[in-house]
Amino acid sequence: MFPKFSLRSMFHGAGGGNDIQWCFSQVKGAVDDDVAEADIISTVEFNHSGELLATGDKGGRVVIFQQEQENKIQSHSRGEYNVYSTFQSHEPEFDYLKSLEIEEKINKIRWLPQKNAAQFLLSTNDKTIKLWKISERDKRPEGYNLKEEDIVDIKPANMEELTEVITAAEFHPNSCNTFVYSSSKGTIRLCDMRASALCDRHSKLFEEPEDPSNRSFFSEIISSISDVKFSHSGRYMMTRDYLSVKIWDLNMENRPVETYQVHEYLRSKLCSLYENDCIFDKFECCWNGSDSVVMTGSYNNFFRMFDRNTKRDITLEASRENNKPRTVLKPRKVCASGKRKKDEISVDSLDFNKKILHTAWHPKENIIAVATTNNLYIFQDKVN
Amino acid sequence: MSQKQDEENPAEETGEEKQDTQEKEGILPERAEEAKLKAKYPSLGQKPGGSDFLMKRLQKGVSLISYPLLLESKGILGMKSIEQKYFDSGDYNMAKAKMKNKQLPSTGPDKNLVTGDHIPTPQDLPQRKSSLVTSKLAG
């Protein structure tokens, strides 16, 4: 079930058949293990040129890094990312009407395409979307709250009948009136805003038929989609559920065109993962710039990449142990059962508190940003 | 991961055959895990996808006062995002103060609030301010 693995089986990366070797570049954040809740990274996003990299955290703060201009003399590494700006985006609120606390955690950051010297980004918590303008000159951000507008509302008339929730949504990269949203039942709906103001009717419904004989108590939970991302081309979309990553062709609704197993060995651990709540972890996924490779996180600070062309995959680890610049990362392997080989790690030894939920890939280069609980790692491919 | 039925049908895929339940539980790891869970929590609801579970999971925009909590069950999104429900803003501030191990915030030096002396209103209570410490990522 798992591809045979050796140190030499690196996958062919984007931009021609050269093997990619991923190297440590930088790590941001505190070293200590005592993590304050506010420091938990909740989102990571490159801007459209890849020059800027933004992170959001549970404390409602945004940190923006900027890539240095490449050192033309020393061409063995690309520019480093250094702090460009940081600000408090959202504050905690208390909704007196509903007696509910509204978290300041930044759920998502999205960059707007750059039109002038200023940079614009959208940051959102559970309640409010804010538009930030960061002027080039003084790098001080100005914020604007956006008016809320419901586009899709799937609340049933009686909340007791609620059986499905929206889990993720994204606008189509090229067709600005089209968007998709995924559900906790593993379906994806494509909607066109031109059809009506309230998109409660979808134009396409993507769903993979389930084998009823395989159904278990966990089936619905693990089929819940935690992330959906369009390819840069706009022709495909990728979904992440608990155990796998699926690629869908927008022209084919009845099943995905590709499925990649992220950590299938967890299927025999579902009981424990349900008890410790890990089964509800929301992993994200991302495409590389040419849509040839997809990446997603896992446990033990592992992250996985799947090459769609060669069908090869690799498991890497974000760890301070490999933190000398230009150290090539060694591929990792999890031993599902049987005799554990040297350098393999058994499923029972995995640290389920160390989860990589958020990753981002530079839109043009082989530079990736990987967030552990409170640290941001930047890796790049080995140049020359 | 699945075992094949070597004696009878060596070439067939395990998942698609019609077999009795007992064989399935031994073969499908998911079913074995389900059996484990039900053995631990016998009163676990039959329909995990039902609305009761989502109710407990959804904490935004849903008042849980009217829905009884089934402690042995979890919602479709799990218990993790369930945060403490508060009866009102006073209750909320009490909980926050306890967590931070501080005294209950007072409204000012000249108002010495004593429990029972004055009914607090939302206006009396200070807004919880987030930490103004810069992110360690920027350090």
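# Close-up views of a predicted model

**Figure 1. A salt bridge joins D39(A) to K136(B).** In this predicted model, the closest N and O atoms of D39(A) and K136(B) are 3.5 Å apart. The contact crosses between chains: D39(A) belongs to the loop between β1 (22–28) and β2 (41–46) of chain A, and K136(B) lies in the segment after α4 (89–100) of chain B. Over all chains, the structure holds 27 salt bridges.

**Figure 2. K269(A) and D348(A) are joined by a salt bridge within chain A.** The closest N and O atoms of this pair are 2.9 Å apart. Side chains of opposite charge can pair when their charged atoms come close. The bridge links distant parts of the chain, with 79 residues separating K269(A) from D348(A). K269(A) is found in the loop between β19 (258–261) and α2 (270–275), and D348(A) in the loop between β25 (344–346) and β26 (358–361). K269(A) counts as partly exposed, at 24% relative accessibility, while D348(A), at 62%, counts as exposed.

**Figure 3. D313(A) and R304(A) meet through their side chains in a salt bridge.** The N to O distance is 2.8 Å. Are the two residues of this pair buried or exposed? D313(A) counts as buried because its relative accessibility is 11%, which falls under 20%. R304(A) likewise counts as buried, with a relative accessibility of 8%.

**Figure 4. F46(A) and Y81(A) form an edge-to-face aromatic pair.** The ring centres of F46(A) and Y81(A) are 6.0 Å apart, and their planes stand at 70 degrees to each other. The pair links distant parts of the chain, as F46(A) is in strand β2 of chain A and Y81(A) is in strand β5 (residues 81–88), 35 residues apart. Both partners are covered: F46(A) is buried, with a relative accessible area of 8%, and Y81(A) counts as buried at 1% relative accessibility. The structure holds 17 aromatic pairs over all chains.

**Figure 5. F217(A) and F218(A) form an aromatic pair.** A pair of aromatic rings is described by the distance of the centres and the angle of the planes. For F217(A) and F218(A), the centres are 5.4 Å apart and the angle between the planes is 90 degrees, an edge-to-face arrangement. Both F217(A) and F218(A) are buried.

**Figure 6. Ring pairs link F24(A), F303(A), Y377(A) and F379(A) into a cluster.** A further view of an aromatic ring in chain A shows Y236(A) together with R308(A). Here the charged end of R308(A) sits over the ring of Y236(A), at 4.7 Å from the ring centre.

**Figure 7. Strand β4 (residues 61–67) of chain A pairs with β3(A) and with β5(A).** Strand β3 (residues 52–57) and β4(A) run antiparallel and are paired over five bridges. Within this pairing, L52(A) has Q66(A) in β4(A) as its bridge partner. Three residues lie between the two strands of the hairpin, in which G60(A) takes a positive phi near 80 degrees. How many bridges join β4(A) to β5(A)? Seven bridges connect these antiparallel strands, and Q67(A) stands opposite Y81(A) of β5(A). Strand β4(A) is mostly covered, with six of its seven residues buried. In a regular strand the side chains alternate between the two faces of the sheet.

Figure 8. Of its 384 residues, 53% count as buried. The accessible surface of chain A comes to about 17,800 Å², and carbon and sulfur atoms contribute 47% of this area. Among the contacts in chain A with a separation of 6 or more, 52% are between residues 24 or more positions apart.

Terms used: Residues numbered from 1 in each chain as written. Chains lettered and ligands numbered in written order. Heavy atoms only, no water. Salt bridge = Lys/Arg side-chain N within 4 Å of Asp/Glu carboxyl O. Helix = DSSP H or I, 4+ residues; strand = E, 2+ residues; numbered from the N terminus. Buried < 20%, exposed > 50% of the residue type's maximum accessible area, 1.4 Å probe, protein only. Phe/Tyr/Trp six-rings, centres within 6.5 Å; stacked < 30°, edge-to-face > 60°. Lys NZ or Arg CZ within 6 Å of the ring centre and 35° of its normal. Pairing = 2+ DSSP bridges. Contact = heavy atoms within 4.5 Å. Areas by Shrake-Rupley, 256 points an atom, 1.4 Å probe, with all protein chains shown as cover.
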